[in-house]
Amino acid sequence: MIQLTINGSSHELDVDPDMPLLWVIRDVVGLTGTKYGCGLALCGACTVHSDGQPVRACVTPVSMAAGKSITTIEGLNSTVARAVQSAWQRLQVVQCGYCQSGQIMSAVALLEENASPDDAAINTAMSGNLCRCATYARIRAAIKEAARASNSGGA
Amino acid sequence: MAAGSIVNLSRRRFLRTGLAAGAGLTLGVYLPAARAMHAEAGPGKAAGDLVPAAPFEPNAFVRIGTDNQVTVIVKHLEMGQGTYTGLPTLVAEELDAAWSQIRPEGAPADAKRYNNLLWGDSQGTGGSTAVANSFEQLRKAGAAAREMLVNAAASRWQVPADAITVRDGVVRHAASQRSASFGELAEAAAQQPVPQEVLLKDPEEFRLIGRDLPRKDSPDKINGSARYTLDVKLPGMLTALVAHPPRFGARVKSFDAARAKAVPGVVSVVQIPTGVAVLGRDFWSAHRGREALAIDWDETQAFTLGSEQITADYRRLAKQPGRVARKDGDAEAAMAQAARTVEASYEFPYLAHAAMEPMNCVIRVTGDGAEIWNGEQFQTADQHAVAAVLGLAPEQVKIHMLYAGGSFGRRANPQSDYVVEAATIAKATGGKAPVKLVWTREDDMRGGYYRPLYYHALRAGLDGDGRPIAWQQRIVGQSIMAGTAFEAVMIKDGVDQTSVEGAANLPYAIPNLTVDLHSPTLGVPVQWWRSVGSTHTAFATEAFLDELATAAGKDPVAYRRMLLKDHPRHRGVLELVAEKAGWGSPLPKGQGRGVAVHESFNSFVAQVAEVTVRENGGFSVDRVVIAVDCGIAVNPDVIRAQMEGGMGFGLSAALTSRLTLKQGRVEQSNFHDYTVLTIDQMPAVEVHIVKSAAPPTGVGEPATPVIAPAVANALHAATGRRVYRLPIELDS
């Protein structure tokens, strides 16, 4: 049995310890906001937070996540997260939307770490999150807007 | 009256009444009727939900409930391009609804009611046609519903209908200070006769069209609740992965499933025409099961050529005349008279669509048919194909259209390839359990149906003033229409129109012009890819024209303007983009500015790219200015988004994407070797929309083909070197 906490709920799971966290989240726990895009940590669509750090769930064996606190897109509720999601809405970032859970998870992790990222910091944090619709210009603008909103106390 | 045959009554009315202020367009209404029950669920709805019939359903596109919610039934796939926003806007405009009360819902597969009006009797999404073919149909749907609501209010309040106004979802009679919501009038409106003709608004009266209304799909895509095919879960459903052959055309000779079946969670292993399917209780078990398969492939019929050999063959073929796609004057004779000639050839690799959501499909065989859950782009074709596999009538195949995690053309497959694969698995397993077919990224990358490899050879003759007097363009590449149901319509006199679009309609004033085509048949499956023929023709024509401008000693913008005097919309975007980009203003050393202009899908796009070339030979695209003329701008922000993203999609192909074959095997497998644009490579981008009263045209595709030539031309401005092959390698 593997114990892990997802979005504040504790789960005791009887699964193959090698099963990637992504498929545990999607197929076993049933949270589908976290997406599959490549299976090799090349696209970022599966990004979740493990004890606050962004990780690629598609290459994280569930055994490595044991005892960790996992946050998925469904569990976001911090001030920064709300600022990011609200900037995503105001700037109308999404197109097909499939990568956006991962984009948002990476953006929230970035802003939790760096309240005012410059372009270089955004590139470093976000260049592993692919978007085939190429919404990148709006993602960059939304991250900056979320940073401004968070820093001025509003979200 | 047939759908699409429209009686224009406005002229008669104008003749009768003179120019009535604010009069719009009166049109006869033929709209398919609603059905009594709705068994289809759209995105965001639980699979298989029964949608109760609403009290007021004036036609197949509008449903108004007593809860005051207006449901707009959207017949086109939402794959990012904004159909779930743009199409409801058209209904809401004429209905005078409040945007907040509008809710989109995916249409079921039913070509009688939901055909693409530009595709005859077929239902599907593509060719940037969603708004263009719906513009009148959905406004009529909204106007008809509005008239019935007004008549219901007039009857209830005993006042003349023309004394009633509607605004933001409220029906009002000012003189008596009475008002009602749509919901309050819904039941009464349903009793009103359906109008046989409606008056559409004059564009001056538009209140929603032309505004940056927020996308309807944004909230669910931001909080993770939007449902894609990958997210479908049905009771008892199994996940299927398929082991495909290593080369196109290979077949299973034999296989041993013993080890696969021993993997915990694997339920069954079956052979299907496209390979061997492993079904498991979840993705991981099916994946491990597939890895444990031992398969012996029969490759006697397999395709074994490599990209290099294909390109070499095409280069040889380009020395021979092909099928003529366009012939003006006598290019050969004019070439002999030219003061100077210029020649160039261009090479384009195979490209994968590589949508973020790899192909997938859910199927459930039921007692009286089959149900499909899919990011459904090609309803009619898929219905027929699945029906053929399962021995059903097409209408027995019900399709739930879910959001697609991108497509770029891939989910509209003329062979219904992955949808049929799901059906063959359901058939092979006796339809016992619902099946979710999931392709991994590797399956998707190596599964074929690519933008074909192309080769273009161009030659031009200039007169003493540098004007082109002769242009010969020879195009070599596989036809994407050959062997499909579209062949009869799209291949004329041996010329696949999609192979030459963008070249055969070259807008420049060149008196002697020939475009011809070779369409070799190869065993590599090919398909349309965002902007189709223009993906290669725009580059060849715009890079070559730039080279002619240089040869003529002319400014690239001025040279194009001179040759576009009879093409005001091309000129319009060209002049707008030049002005907004500061064309002609000085740039620091190492930087360059390039321009390209191209028409596709009846829209006109010009782009100016600015590049910086580093001393080590690398370069970056720093800024892109885009001008677009797509007729009436239904939602300017969605148009801007499509211009930004469409350009970015084209920039992947310009800078980095390339799919290659070696002895018939696809060399790439995932995003480490099939690289695509990343955020650090995305330029600053600004979009300018030409104000227009013309009917709206496509925006999903037309930005894509313009960026590669703009960047190549900018690199020439910065370095003096030309680009003849994509993706761009400066040292090549």
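The reply below covers an open sheet of chain B, then the nonpolar core and the domains of chain B.

Reply: This is a predicted model, in which local features need pLDDT of at least 70 and side-chain atom pairs count only at pLDDT 80 or more, while totals for chains, interfaces and linings use all residues. Residues are numbered from 1 along each chain as its sequence is written, chains are lettered from A and ligands numbered from 1 in the order in which they are written.

The open sheet has 4 strands in the order β26-β27-β28-β31 (chain B), and its pairing is mixed. Strands (E, at least two residues) and helices (H or I, at least four) are DSSP runs numbered from the N terminus, and two strands pair if DSSP finds at least two bridges between them. At the edges are β26 (591-600) and β31 (684-689) of chain B, each pairing on one side only. From one strand to the next, the twist averages 15 degrees. Between β27 (residues 603-613) and β28 (residues 619-629) of chain B there are 10 bridges, in the antiparallel sense. In this sheet, A609(B) is opposite V624(B) of β28(B).

Across β27, β28 and β31 of chain B lies helix α19 (residues 636-655) of chain B, at about 135 degrees to β31(B). Angles run from 0 to 180 degrees between N-to-C directions, with axes fitted to C-alpha atoms, for helices over the stretch in contact. Contact means C-beta atoms, placed from the backbone, within 7 Å.

The largest nonpolar core has 277 residues, and I626(B), V577(B) and V711(B) are among those with the most contacts inside it. Such a core is a set of buried Ala, Val, Leu, Ile, Met, Phe, Trp, Tyr and Cys residues joined through C-beta atoms within 7 Å; buried means 20 or more other C-beta atoms within 10 Å of the residue's own, again placed from the backbone. Helix α4 (residues 130-157) of chain B gives the most to this core, with 14 residues.

Chain B is assigned domain 1 (10-222), domain 2 (229-300 + 359-438) and domain 3 (307-350 + 450-719), with bounds from an automatic or database domain assignment. The C-alpha centres of domain 1 and domain 3 of chain B are 39 Å apart. Their contact takes 17 residues from domain 1 of chain B and 18 residues from domain 3 of chain B. On the domain 1 side, α2 (83-95) and α4 of chain B are the elements that give two or more residues.

Terms used:
Two residues are in contact if their C-beta atoms, placed from the backbone, lie within 7 Å. A residue is buried if 20 or more other C-beta atoms lie within 10 Å of its own, exposed if 12 or fewer, and partly exposed in between; C-beta atoms are placed from the backbone.
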